Amino acid sequence: MCGIIGYIGHEQVAPILLQGLRRMEYRGYDSAGVAVCSPEKGLQVKKTKGRIQVLSDMIHGGADLEGTVGIGHTRWATHGEPSNINAHPHVSESGKFALVHNGIIENYMEIKEALQKKGVQFASDTDSEVVAQLLEYYYRDTGDMLEAVSQVLERIEGSYGFAILCGDCPDTMITARKDSPLILGYGDGFSFVASD
């Protein structure tokens, strides 16, 4: 079963995300990844097929990714085979949005075909990437991250738990859920989101 972890605060986020992902390993997974956002470095995404340790080694325990806002995910394949490309986080075509998703988007094929007709290129075989591409599509018109997310939620059908980052808003994370667990935790100067 997939797992989501997210953090926004003042500490370097990548080591925190790795720790959170390790706590959800018992759920089973075939790939793992993280996205970290900062004003200086923008949106940085690293993901891989295989164990969390492979991801940790890839980013040197999180030291390679600078930023205090981030999301992480462990995936159990439902759409598309286990692979680096199908691993979460998924990124929009321009790299502006990154998201992690638990659940199933039932009308993803209809949305994917409509976006492809408008010239959007897809990298993965997942229903989750459709949401990232749709976010960017609406964001181009609105220029407002929250409004783009609202429009996406009106369009998609199915179950979901999302954690979403936008490179234009490096101090913001938006989460949403429907029929999929997602828990928010608030601390003194920091917040967490988790699916467990």
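**Ground rules.** I number residues from 1 along each chain as its sequence is written, and for side-chain values I use heavy atoms, with hydrogens and water left out. Since the model is predicted, I ask for pLDDT of at least 70 for local features and count side-chain atom pairs only at pLDDT 80 or more, while totals for chains, interfaces and linings use all residues.

**Entry 1: the sheet.** I began with the strand order. Helices (H or I, at least four residues) and strands (E, at least two) are DSSP runs, numbered from the N terminus. I call two strands paired if DSSP finds at least two bridges between them. An open sheet of 6 strands came out, in the order β3-β2-β4-β1-β10-β9, with antiparallel pairing. At the edges stand β3 (42-49) and β9 (183-186); each has a single partner strand, so one side of each is left without a neighbour in the sheet. On average, neighbouring strands here are turned by 10° against each other, direction ignored.

Next I went through the pairs. Strand β2 (residues 31-38) runs antiparallel to β3, and 8 bridges join them. Opposite Ser31 I found Lys49 in β3. Helix α1 (residues 13-23) packs on this sheet and touches β1, β2, β4 and β10; contact here means heavy atoms within 4.5 Å. The direction of α1 makes about 25° with that of β4.

**Entry 2: strand β1.** How much of β1 is buried? I take buried as under 20% relative accessible area, exposed as over 50% and partly exposed as in between, with a 1.4 Å probe and protein chains only. Of the 6 residues in β1 (residues 3-8), 5 are buried. β1 pairs with β4 (residues 69-75) in the antiparallel sense over 6 bridges, and Gly3 has Thr74 as its bridge partner there. β1 is also antiparallel to β10 (residues 191-194), through 4 bridges; in β10, Ser191 is the bridge partner of Ile8.

**Entry 3: helix α3.** I listed the buried residues of α3 (residues 108-117): Tyr108, Ile111, Lys112 and Leu115. They lie on the same side of α3 because they cover an arc of only 100° around the axis, taken from the directions from the helix axis to the C-beta atoms. What do the buried residues pack against? I found β6 (97-105), α4 (127-142) and α5 (145-155). The face turned away from the buried side carries the exposed residues Glu110 and Lys117. Just after α3, Gly119 takes a positive phi of about 95°.

**Entry 4: the cores.** By a nonpolar core I mean a set of buried Ala, Val, Leu, Ile, Met, Phe, Trp, Tyr and Cys residues joined through side-chain atoms within 4.5 Å. The largest one has 27 residues, and Leu135, Met145, Ile156, Phe162 and Ile164 have the most contacts inside it. Two or more residues each come from β6, α3, α4, α5, β7 (158-166) and β8 (174-178). The most come from α4, which gives 7 residues. Another core lies apart from this one, with 18 residues, including Ile16, Leu17, Ala32 and Ala194.

**Entry 5: cysteines.** I searched for disulfides, meaning pairs of cysteine sulfur atoms within 2.5 Å, and the count was 0. For Cys166 the nearest cysteine sulfur is that of Cys169, at 4.4 Å, and Cys166 is in no disulfide. Cys37 counts as buried at 2% relative accessibility, and Cys166 does so at 0%.

**Entry 6: two single residues.** Val69 sits in strand β4 and is buried, with a relative accessible area of 2%. Leaving out residues up to four places away in sequence, I found that Val69 touches residues including Tyr7, Val36, Cys37 and Leu165. Ser180 lies in the loop between β8 and β9 and counts as buried at 7% relative accessibility. With sequence neighbours up to four places away left out, Ser180 touches Asn102, Gly103, Tyr160 and Gly161.

Notes:
Axes are lines fitted to C-alpha atoms, for helices over the stretch in contact, and angles run from 0 to 180 degrees between N-to-C directions.
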